[in-house]
Amino acid sequence: MQAVRQGALPVSNNNDELIVKIRGLRFAHGARVIFDGVDIDIPRGKITSIMGPSGTGKTTLLKLIGGQLQPNAGSVVVDGEDVNKISRDALFRLRKRMSLLFQTGALFTDLTVFENVAFPLREHTRLPESILRDLVLMKLEAVGLRGARDLLPAELSGGMARRVALARAIALDPMMIMYDEPFTGQDPITVGVIMQLIRMLNDTLGLTSIIVSHDVHELTMICDHMYMISGGKVVGHGTPGDMAHSESGWVRQFMAGLPDGPVPFHYPAPDYADDLLAGA
Amino acid sequence: MMDWLQRLGSTSLSVFERLGRGNLFLLRVLAALPSLVPRPGLVIAQLYSVGVLSMMLIVISGLNVGMVLGLQGYNTLVDFGSEESLGQLVALSLVRELGPVVAALLFAGRAGSALTAEIGLMKATEQLSGMEMMAVDPLKRVVAPRFIAGIISMPLLAAMFSAVGVLGGFFVGVGLLGVDSGAFWSQMQSKVDLYDDILNGVIKSVVFGFVAAWIAVFEGYDAVPNTEGVSRATTRTVVHTAFAVLGLDFILTALMFGNE
């Protein structure tokens with residue numbers, strides 16, 4: 001906490017090789033089971049991706065890691081602390097050491113780019129204005145948007161908004177950043193910029209990165225480790241090379257973008273012939 | 001018949017569940033209020049958007065209501081030759097009832113709906129979730145300053161409404177219809193009591209401000225985070241505040257003035 005106030009590098013509670021340990025995770029929205037006994041290990045200092053078809057609960061998984069949702073069963077341990085068993089104050093202290101980059105950026109629309117990045121610093125530190133200004137400009141320089149400091153979020157493109165959100169995410173020098181669909185809806189240049197930023201920030205700041213996405217091509221280029229989720233379970237995991245040569249039908253269908261397979265093309269329906277003849 | 005009973009039961013349960021959620025939310029907001037003490041700037045910013053920006057509406061409405069009261073009051077009183085009592089009629093009507101009630105209804109329409117829409121949209125665009133993930137409690141940073149600003153603003157706006165209304169009544173009664181100026185003010189001064197009338201009016205406006213601000217911030221925080229959800233929440237804020245203010249007004253009036 002004190003180190004964060006002084007702008008030091010990410011503070012960690014322990015040196016465990018795994019920064020996130022998920023065991024027996026079960027989570028349901030009403031009758032719909034999203035996760036049914038999921039085990040995931042996120043290694044410290046690496047970029048790990050969580051892949052899966054749309055609607056498999058990838059964003060939900062990030063919210064479970066961040067303690068914004070409570071699982072029905074199982075445990076989510078982040079940096080040695082079970083996020084569902086610690087107090088609200090302890091959870092907030094833990095959150096100062098992690099960041100979540102939302103798909104929309106979640107920038108505060110009434111604040112300028114500068115003030116958006118300054119927000120966590122103003123909330124959690126008592127730095128003099130001159131130092132705070134320098135820190136914000138350094139974060140904006142890292143994402144290439146120092147010149148956009150006076151713009152409002154409404155004046156930014158989608159890619160710029162995500163870069164500002166990324167600058168804000170690293171404002172407190174977290175130990176881990178979670179990215180929710182960082183490439184979705186971006187042009188190829190912006191995708192390249194974001195990929196480069198994720199890799200650079202991870203390596204130079206000593207972070208751990210978790211990327212939730214279904215952009216296979218981009219993920220295989222920057223990830224150290226991949227998990228694939230489907231039907232509420234982990235259906236495959238390993239390095240990008242392992243995943244490319246996986247025997248699993250789920251993984252093969254997803255990695256190759258095949259229209260039919262374990263994830264069926266057709267929504268469940270009665271027999272086609274019976275359905276057609278029923279109207280005769 | 002069974003369907004009807006089932007719907008009635010389901011609706012009742014949902015109403016009580018929501019009421020319980022609203023009360024728990026209020027407790028959490030009240031617990032968050034002390035966190036504002038070292039950060040008065042947050043409240044001042046909201047006082048501007050909730051209070052100052054509502055002033056024009058309140059002043060114009062108060063002036064018009066006062067002028068109508070002056071005109072209608074004169075037409076009634078002149079039949080009994082007691083048009084000198086116009087000042088008393090206008091002032092009591094405004095201070096006891098119209099000031100707090102109409103100002104609260106206007107407050108709900110102008111500031112309450114804006115608070116709900118703002119908080120609801122922050123929720124829909126994940127700004128509140130983003131704040132939580134930055135270890136900043138939205139109840140302390142977003143909700144509590146708006147809630148307390150509503151409670152502070154409402155009595156001031158109601159007082160402004162009543163004061164401007166009296167001036168409107170004076171303009172019509174004395175300026176246009178020829179009521180004696182001295183009689184207008186002296187009748188008002190002798191018949192309007194500081195405690196029985198003005199203080200009770202202030203109490204009403206504080207209660208209405210509390211309820212209006214509570215409903216506005218709760219509806220925003222509890223809104224379904226999409227376009228339709230925010231739209232419905234904004235409508236609910238205006239409708240529920242109107243019901244609550246009018247219902248509470250009757251109860252408070254009965255308690256304050258029932259034995260006169």
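Helices (H or I, at least four residues) and strands (E, at least two) are DSSP runs, numbered from the N terminus. The structure is a predicted model, in which local features need pLDDT of at least 70, side-chain atom pairs count only at pLDDT 80 or more, and totals for chains, interfaces and linings use all residues. Residues are numbered from 1 along each chain as its sequence is written, while chains are lettered from A and ligands numbered from 1 in the order in which they are written.

In chain A, 11 helices and 10 strands are assigned. The C-alpha atoms of chain A occupy a box of roughly 75 × 40 × 35 Å along the principal axes. Of the contacts in chain A with a separation of 6 or more, 65% join residues 24 or more positions apart; a contact requires C-beta atoms, placed from the backbone, within 7 Å.

A residue is buried if 20 or more other C-beta atoms lie within 10 Å of its own, exposed if 12 or fewer, and partly exposed in between. Buried residues form 39% of the 280 residues in chain A. Asp173(A), in the loop between helix H6 (158-169) and strand E7 (176-180) of chain A, counts as buried because it has 21 C-beta neighbours inside 10 Å. Although Asp173(A) is not a glycine, its phi is positive, near 50 degrees.

In chain B, Ala135(B) lies in the loop between helix H5 (127-133) and helix H6 (138-176). Ala135(B), likewise not a glycine, has a positive phi of about 65 degrees. Ala135(B) is buried because 20 other C-beta atoms lie within 10 Å.

Methods. Two residues are in contact if their C-beta atoms, placed from the backbone, lie within 7 Å.
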